[in-house]
Amino acid sequence: MITLPCPWCGPRNVTEFAYGGEAGTRPDPATADPTTWRRYLYTQANPAGPVTETWLHRAGCRRFLIVDRDTTTNEILAVRRPADPPEVQR
Amino acid sequence: MTSTRRATGRPAARYSAASLVGRGITGRAWPRAWAVRELRSSYDVVIVGGGVHGLATAHYLATNHGITNVAVLEKGYIGGGGSGRNTAILRSNYLTPEGIAFYDRSLALYRDLAADLNFNVMFSQRGHLTLAHNDASLRTMRWRTEVNKLVGVDSEVIGPADVAALVPRMDVSDQARYPILGALWHPPGGIIRHDAVVWGYARAASARGVAIHQNTQVTGIDVVGGRVTGVQTNRGHVAAPVVVNCTAGWSTLISDMAGVEMPVHTFPLQAAVTEPVQPFLTPVVVSGTLHVYVSQTDRGELVFGASVDPFASYSTRGSLEFIEGLAGHVLHLMPSLHSLRVLRQWAGLCDMTPDYSPIMGPTPVGGFYLDVGWGTYGFKAGPVSGEQMAACIATGTPPDLIAPFALSRFADGRLVGEKGAAAVGH
């Protein structure tokens with residue numbers, strides 16, 4: 001069991017959260033071409049090491065959070081609110 | 001006993017009842033099953049990954065196409081990855097015509113594998129039973145059955161009374177927490193000894209001249225002018241005009257070395273085994289709703305598997321919530337197992353693709369081939385993948401059986417959606 005420190009609720013079991021995958025910016029529908037959409041949908045980094053992800057505190061405050069996690073150890077490196085600038089750590 | 005085991009470079013002895021009796025009486029040592037050869041500086045084909053897929057590809061390159069200057073590079077020991085961590089279940093009752101034809105060919109090869117490899121792989125065709133606990137599951141099963149029959153695969157939907165006859169300890173009453181409405185019955189399915197499959201392919205490939213290098217990790221892939229020229233390893237550089245990515249769990253990292261982007265996410269899948277008990281469970285039993293599949297091995301242990309972990313990771317540590325959830329689900333199905341103890345649990349890495357089908361064939365980089373994206377269904381596809389990848393490499397063109405699984409399908413929008421038959425059930 002790993003725990004995730006929710007920026008609003010504090011440390012909770014990971015079973016309370018829904019995994020949202022690697023964090024990314026949705027392409028602008030007005031300008032994005034099929035290649036951009038394809039890359040956004042299918043081709044992500046899938047790194048063995050640190051990765052920035054979106055999670056949802058589904059069984060808690062039901063808010064989104066941004067998590068930096070090491071995929072080889074499941075160690076949580078940093079957590080922040082989506083509106084926070086990337087350098088903020090909570 | 002004074003005899004010692006000797007490593008020889010000679011081809012492996014032919015295994016038979018007579019040779020077993022003979023060596024039992026004389027006490028002569030068995031020769032090594034496969035040869036340890038020097039790592040050369042160049043090969044015609046380098047295969048990355050010494051699991052069932054890599055070794056089968058090497059075997060069929062040598063036997064079907066006469067290409068024997070082949071090296072299999074394995075960073076650990078052969079069969080130490082997904083090939084040794086799966087739950088050894090074989091079946092071909094998939095959902096799409098492409099998937100069914102492909103896995104059915106694999107089952108046909110598995111059926112004759114012991115004779116082909118002269119190695120006892122202990123294939124036991126005991127039947128495969130997928131339970132339906134709700135109308136949606138039953139609808140998907142009817143769909144699967146009809147597509148299966150059309151392609152010529154033996155499948156049928158049966159009722160709770162038939163399930164009770166096949167699995168006497170199953171709770172088929174309507175008082176169960178998850179009542180059983182029906183099941184998909186697939187008689188050709190079964191279980192096999194997965195280590196033996198790996199060892200059998202290694203022995204047969206080695207006898208034909210294939211070099212198997214354990215503890216040899218690929219650290220880089222050389223690409224010059226859009227073509228592959230060789231690989232970097234922890235034991236030095238190896239030149240090769242053809243490099244095949246046959247890894248599971250690490251397929252993104254290997255493809256990244258060649259600059260090929262992969263639509264893959266890596267998730268751990270956990271499994272567990274109990275203490276051995278007397279035989280009572282004949283078929284493989286799967287419940288998609290309860291995220292569980294169970295079979296009893298020839299030694300009497302119950303082998304349990306589940307769905308993949310809820311988030312992507314390269315960690316293969318087991319977790320307490322997995323084993324708690326699994327135990328609860330199994331007891332819903334078979335309450336009489338309550339006193340059985342779990343001996344151990346483990347995890348393997350699954351490369352999940354968006355459509356739950358593999359990625360096979362050439363890439364935009366010349367000479368760099370993929371046999372990856374095997375999610376939770378890689379072991380059962382080992383022989384056919386080896387056979388078809390060997391043909392693909394020898395001819396330069398993907399055979400019809402694997403053409404639908406090309407990497408380009410994600411760009412072309414031609415996905416092969418197998419989620420209805422591959423997401424949990426095995």
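**View 1. Helix 4 of chain B against helix 11 of chain B.** The axes of helix 4 and helix 11 (residues 382-395) of chain B come within 7 Å and cross at roughly 105 degrees. Helix 4 of chain B and helix 11 of chain B are therefore roughly perpendicular to each other. On the helix 4 side of chain B, the contact is made by Phe102(B), Arg105(B), Ser106(B), Leu109(B) and Tyr110(B). Helix 11 of chain B supplies Gly382(B), Pro383(B), Val384(B), Ser385(B) and Glu387(B). By class, the residues of this contact divide into five nonpolar, three polar and two charged. The model is predicted, here and in the views below.

**View 2. Helix 4 of chain B against helix 6 of chain B.** Here the axes of helix 4 (residues 97-111) and helix 6 (residues 135-151) of chain B come within 10 Å. They cross at roughly 60 degrees, which makes helix 4 of chain B oblique to helix 6 of chain B. The crossing of helix 4 of chain B past helix 6 of chain B is right-handed. From helix 4 of chain B come Pro97(B), Ile100(B) and Ala101(B). They meet Val147(B), Asn148(B) and Val151(B) in helix 6 of chain B. The residues of this contact divide into five nonpolar, one polar and no charged.

**View 3. Chain A on its own.** Chain A holds one helix and six strands. Read from the N terminus, its elements run β-β-β-α-β-β-β. The C-alpha trace of chain A spans about 40 × 25 × 25 Å along its principal axes.

**View 4. The interface of chain A and chain B.** On the chain A side, 20 residues are in contact with 22 residues of chain B. Between them, chain A and chain B bury about 1700 Å². Of that area, 56% lies on carbon and sulfur atoms.

**View 5. The salt bridge between chain A and chain B.** How many salt bridges does the rule find across the interface of chain A and chain B? The rule finds one. The side chains of Arg39(A) and Glu261(B) meet in a salt bridge, at 3.1 Å from N to O.

Methods:
Residues are numbered from 1 along each chain as its sequence is written. Chains are lettered from A and ligands numbered from 1 in the order in which they are written. This is a predicted model: local features need pLDDT of at least 70, side-chain atom pairs count only at pLDDT 80 or more; totals for chains, interfaces and linings use all residues. Side-chain values use heavy atoms; hydrogens and water are left out. Axes are lines fitted to C-alpha atoms, for helices over the stretch in contact, and angles run from 0 to 180 degrees between N-to-C directions. Helices (H or I, at least four residues) and strands (E, at least two) are DSSP runs, numbered from the N terminus. Angles under 35 degrees count as roughly parallel, over 145 as roughly antiparallel, 65 to 115 as roughly perpendicular and the rest as oblique. A crossing is left-handed if the near helix is turned anticlockwise from the far one by less than a right angle, and right-handed if clockwise. Contact means heavy atoms within 4.5 Å. Ala, Val, Leu, Ile, Met, Phe, Trp, Tyr, Cys and Pro count as nonpolar, Asp, Glu, Lys and Arg as charged, and the others, Gly among them, as polar. Buried area is the accessible area (1.4 Å probe) that two parts lose on being put together, summed over both. A salt bridge is a side-chain nitrogen of Lys or Arg within 4 Å of a carboxyl oxygen of Asp or Glu.
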